[in-house]
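Me: I would like a close look at a single part of this model. Please keep the explanation plain.

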Amino acid sequence: MAERRDEADEHELGTRAGAPTRDGVEAGAVYDIEASDPDGVLLDRAGVDAGAIRQIGELMASLGELRDAEQRLAEASRRYMRLNETDMRALHYLIVCANRGAVATPGGISQHLGISTASTTKLLDRLERGGHVTRAAHPSDRRALAITITPETQRAAMETVGRQQARRFHSAARLSEQEREVVIRFLRDMTGELGLDGVEWAAVEPE
């Protein structure tokens, strides 16, 4: 019994320290700068002290944990609504249009989702068959259609996925105004760093 306890303690200690375990490495290690780029091939860290690197690593790990949490929520929402990711994004767009009094059209949905006209038509056919949206004549453009989310689907989405997503507001509200400005600047700066404009490998079309 004591031997088993010692092994468990050793396993836990190794995990906390980010050391290899019987199952590979701890989850947080995949976001660690040194673990991902030990030789500085991807990022020149010269002039950055160890404390700063450690703190930046914690920041990257926190972002990774946020992405993981968002992924779990998205997967749960798709299972609950029995829809795929593109369907859920389309429904969210329709909810926002309804809340703002805007008329949602197939063209607007296509542009928002970044998909073709043909793919949008298939998406709307699927959502209409499932009772999630309705098509109607556009109130001012005879060439277009108006797409509306059904009250039942909007209510289901708002009371489940929407309510859970809205909880992020509490985290932002707990920050001071100055702290929020720092976070906004950081996130926008990081978004710019991740931009794909001019990145050749990202422009390769799938075969």
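Which residue's side chain does a polar contact of 3.1 Å join to the side chain of Thr153?

Reply: The partner is Thr150: a polar contact of 3.1 Å joins the two side chains. A polar contact is a pair of N or O atoms within 3.5 Å; within protein, one must be able to donate a hydrogen and the other to accept it, and residues adjacent in sequence count only if both atoms are side-chain atoms. This is a predicted model, in which local features need pLDDT of at least 70 and side-chain atom pairs count only at pLDDT 80 or more, while totals for chains, interfaces and linings use all residues. Residues are numbered from 1 along each chain as its sequence is written, and side-chain values use heavy atoms, with hydrogens and water left out.

Thr153 lies in helix α7, residues 151–166. Helices (H or I, at least four residues) and strands (E, at least two) are DSSP runs, numbered from the N terminus. The side chain of Thr153 also makes a polar contact with the side chain of His132, at 2.8 Å. Because its relative accessibility is 6%, Thr153 counts as buried. Buried means under 20% relative accessible area, exposed over 50%, and partly exposed in between (1.4 Å probe, protein chains only).

Contact means heavy atoms within 4.5 Å. Leaving aside neighbours within four places in sequence, Thr153 is in contact with Met81, Leu91, Gly131 and His132.
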